[in-house]
Amino acid sequence: MTRRVIREHIFLMLFRKDFHNREDLSEQIDIYLSQLEEPQDKDKQLLRDRLLSILDKLDEIDNMLSEATSGWSLNRMGKVELTILRLAVFEMKFDDDIPVKVAINEAVELAKLFGGDETPGFVNGVLAKLA
């Protein structure tokens, strides 16, 4: 599984976070992973571990985003944009294996794939403030 595919799966799992209680999220992760056909068990474990790492840092990530998006509360932000930003900030600030420029570029690519016309520019602008 490529890093880009892993990132897309993480995005899709993280997107579910805002629609379920924290207690139900583990079950949602299991459901998502059980529906995947291509990954091997080690890939599924990688996806689970990565998602849980992001969730553990979510308060810190949201604080960073709140500071970078002055005038925009996170509650006002679209769920797609917020999820992409959360994933990208995790990669930028907490994953030493991913260069900041790569994290930003990949976030913009996710925004093109899952967001609206304005999403890539918005994501790029917010992440540029955090770089």
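Q: At roughly what angle do the axes of α1 and helix α2 (residues 22-34) cross?
A: This is a predicted model, in which local features need pLDDT of at least 70 and side-chain atom pairs count only at pLDDT 80 or more, whereas totals for chains, interfaces and linings use all residues. Residues are numbered from 1 along each chain as its sequence is written, and side-chain values use heavy atoms, with hydrogens and water left out. Helices are DSSP runs of H or I with at least four residues, numbered from the N terminus, and their axes are lines fitted to C-alpha atoms over the stretch in contact, with angles from 0 to 180 degrees between N-to-C directions. The axes of α1 and α2 come within 10 Å, and they cross at roughly 140 degrees.

Q: Which class of orientation describes α1 and α2?
A: Angles under 35 degrees count as roughly parallel, over 145 as roughly antiparallel, 65 to 115 as roughly perpendicular, and the rest as oblique. With a crossing of roughly 140 degrees, α1 and α2 are therefore oblique.

Q: Is the crossing of α1 and α2 left-handed or right-handed?
A: A crossing is left-handed if the near helix is turned anticlockwise from the far one by less than a right angle, and right-handed if it is turned clockwise. The way α1 passes α2 is right-handed.

Q: How many nonpolar residues take part in the contact of α1 with α2?
A: Contact means heavy atoms within 4.5 Å, and the residues that make it here are His9, Leu12 and Met13 of α1 together with Ile29, Tyr32 and Leu33 of α2. Ala, Val, Leu, Ile, Met, Phe, Trp, Tyr, Cys and Pro count as nonpolar, Asp, Glu, Lys and Arg as charged, and the others, Gly among them, as polar. The contact of α1 with α2 has no charged residues and 1 polar one, while the number of nonpolar residues is 5.

Q: How is α4 oriented relative to α7?
A: Helix α4 (residues 58-68) and helix α7 (residues 119-130) have their axes 9 Å apart and pack at an angle of about 105 degrees. That angle makes the two helices roughly perpendicular.

Q: How many charged residues does the contact of α4 with α7 have?
A: From α4 the contact takes Met64, Leu65 and Ala68, and from α7 it takes Val126, Lys129 and Leu130. By class there are 5 nonpolar and no polar residues, and the charged count is 1.

Q: Are the rings of Phe11 and Phe15 stacked, edge-to-face or tilted?
A: Rings of Phe, Tyr and Trp (its six-membered ring) pair if their centres lie within 6.5 Å, and planes under 30 degrees apart count as stacked, over 60 as edge-to-face and the rest as tilted. The count by this rule is 4 aromatic pairs. In the pair of Phe11 and Phe15, the ring centres lie 6.0 Å apart and the planes stand at 40 degrees, so the pair is tilted.

Q: Which residues does Glu106 contact, leaving aside neighbours within four places in sequence?
A: Glu106 is in helix α6 (residues 100-114), and its relative accessibility of 11% makes it count as buried. With those neighbours left aside, its contacts are Arg4 and Arg7.

Notes. Buried means under 20% relative accessible area, exposed over 50%, partly exposed in between (1.4 Å probe, protein chains only).
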